[in-house]
Amino acid sequence: MTTPTLTRYKFPLPFFRSKPNYHWYVVTTVCIGAFMAALDGSIITVALPTIDHEFNVNISESAWVALAYLLTLTALLAMFGRLADIVGRRPLYTIGFTIFIIGSALCGASPNLALLIGFRVLQGIGATMLQANSVAIVTAAVPEKVRGKAIGIQGSALAVGLSLGPAIGGILIGIFGWRSIFYVNVPVGIIGTLLAFMILPRDLIQKKSGVTTSFDFVGAFLLAVSLIAFLLGLNQGNDDGWTSPLIIGCFLIAAVFATLFVFQEKRHQSPLIDFTLFTIEQLTWGNITGSLSYGVMYGVLYIVPYFFENVLHKPTSSSGILTTPLPIGMMLIAPVAGKIADKLGSKIPTVAGMTIATVGTLSLVFVHAVTNLIYMIIALFFIGLGMGIFTPPNNSSVMGSTPRDQLGVSSGMLNMSRSLGQSIGIAYAFAIFQGVIMTYHFTPENAPVGSLIIGFRWTFIGVSVFGIAAVLISLFRGNVQRHDLPDEAKIIDV
């Protein structure tokens with residue numbers, strides 16, 4: 001039996017190391033990256049019409065500005081999570097900030113749509129390096145007794161970025177033009193990079209004597225192709241038709257490459273994803289319920305604006321703002337929920353949170369043409385409240401049950417499951433909505449209000465099924481399996 005060898009934490013500035021609450025400096029630094037990555041995912045939505053006009057393109061073309069970022073995030077999260085376990089989370093996080101800044105500046109300077117999409121991929125690479133490592137850095141740096149609270153605060157930063165994106169984007173575009181939504185990342189990113197360099201600790205990386213750790217490039221390629229093909233099929237299915245050759249081809253490619261990825265991982269000495277991790281009950285079910293929860297959240301977030309505009313006849317400029325009660329509810333309760341989970345464990349808050357979110361979703365089934373706007377706002381707020389209660393303890397249970405030397409890949413998987421949940425939830429919601437409308441021989445563009453309302457009601461019922469499944473899984477999940485540092489570990493400086 002080999003004796004694990006561990007590297008000791010090193011702190012760039014002794015000033016921060018001497019602070020008794022040093023771990024909260026780490027959390028604050030990580031929150032800047034989480035906020036920026038989430039903000040850039042949501043801020044682009046209000047800029048697309050302006051970009052259409054700027055480059056004289058249609059909406060299906062400009063949609064790739066948003067899609068390129070999402071595809072990059074989802075495809076590379078597990079890869080960068082694993083790479084961080086090998087080379088260290090702090091350097092990868094700092095490099096990610098730098099790439100994000102460069103990508104943002106280039107996006108703002110883009111002379112045409114093609115280059116803008118390409119630079120959004122570069123920006124997405126930087127954001128992926130930030131997101132893949134954020135939860136792992138918090139988990140490693142924060143004492144277990146306040147881990148839930150810390151992860152809750154990090155989740156709040158994500159929610160703030162998500163909620164403020166459309167509002168900040170509208171203000172910046174109105175005053176400075178669409179390019180400003182990218183340029184604003186540069187000064188904030190520079191501050192975040194400097195803080196990361198000064199505050200974040202070197203990693204505590206577990207190594208085994210006599211074992212060479214290598215990066216699985218083939219596995220990374222196979223997984224990326226599989227995820228990109230799957231997400232392209234999901235995102236284009238409603239437009240091209242689920243039985244079209246293109247969509248079927250995307251799903252076949254995804255299935256083939258996913259199969260090849262599994263075979264590759266089983267034979268590689270240092271796999272990108274160690275499938276033995278899935279024997280950890282909390283990790284496996286936590287990722288599944290996390291994906292389902294974000295399917296609920298984004299299924300609602302992306303369909304509700306259509307209800308505001310086409311049924312309640314609210315202007316497009318206000319429909320995005322009217323959805324902010326959901327992320328605001330999540331933002332307000334997440335730190336509190338994490339603190340409660342530190343005391344009570346993860347089971348009670350995950351079940352309670354997902355139940356509240358599901359009930360909030362089901363309450364939208366009763367919408368009609370004269371629905372009171374206050375009713376909608378309260379329903380959205382309760383969905384966000386439930387998500388805020390559910391997410392921190394669920395994430396904490398996943399990361400708390402992960403072996404120390406796999407924190408990076410587990411963080412990447414957790415974020416990847418979230419991105420998949422987002423994409424699946426959006427595609428699923430629109431598929432139900434369009435399918436119901438088409439049974440009345442209409443399209444969403446020309447359907448009367450009565451048919452639209454029926455479509456919305458069935459959509460909310462369908463989305464709530466994800467929530468019910470997450471509640472049941474959370475209810476029957478077992479106890480967290482902790483993997484703290486072994487006492488017999490040998491600590492050395494590297």
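Rings of Phe, Tyr and Trp, the last by its six-membered ring, count as a pair if their centres lie within 6.5 Å. In this predicted model, such ring pairs link Phe55, Trp178 and Phe182 into a cluster. By this rule the count comes to 14 aromatic pairs.

One of the pairs joins Tyr93 and Phe97: the ring centres are 5.6 Å apart and the planes stand at 90°, so the pair is edge-to-face. Both residues belong to helix 5 (residues 89-108), where they are four residues apart, about one turn of the helix. Tyr93 and Phe97 are both buried. Phe215 and Phe217 also make an edge-to-face pair, with 4.9 Å from centre to centre and 75° between the planes. Phe215 is buried, at a relative accessible area of 13%, whereas Phe217 is exposed, at 63%.

The next element to follow is helix 17, which runs over residues 407-439. Helix 17 is mostly covered, with 26 of its 33 residues buried. Just after helix 17 comes His441, which takes a positive phi of about 65°.

Helix 12 (residues 281-310) meets helix 17: their axes come within 6 Å and cross at roughly 40°. The crossing of helix 12 past helix 17 is right-handed. Sorted by class, the contact between helix 12 and helix 17 has 13 nonpolar, nine polar and one charged residues.

Technical notes:
Residues are numbered from 1 along each chain as its sequence is written. This is a predicted model: local features need pLDDT of at least 70, side-chain atom pairs count only at pLDDT 80 or more; totals for chains, interfaces and linings use all residues. Side-chain values use heavy atoms; hydrogens and water are left out. Helices (H or I, at least four residues) and strands (E, at least two) are DSSP runs, numbered from the N terminus. The expected span of a helix is 1.5 Å times one less than its number of residues. Buried means under 20% relative accessible area, exposed over 50%, partly exposed in between (1.4 Å probe, protein chains only). Axes are lines fitted to C-alpha atoms, for helices over the stretch in contact, and angles run from 0 to 180 degrees between N-to-C directions. A crossing is left-handed if the near helix is turned anticlockwise from the far one by less than a right angle, and right-handed if clockwise. Ala, Val, Leu, Ile, Met, Phe, Trp, Tyr, Cys and Pro count as nonpolar, Asp, Glu, Lys and Arg as charged, and the others, Gly among them, as polar. Rings of Phe, Tyr and Trp (its six-membered ring) pair if their centres lie within 6.5 Å; planes under 30 degrees apart count as stacked, over 60 as edge-to-face and the rest as tilted.
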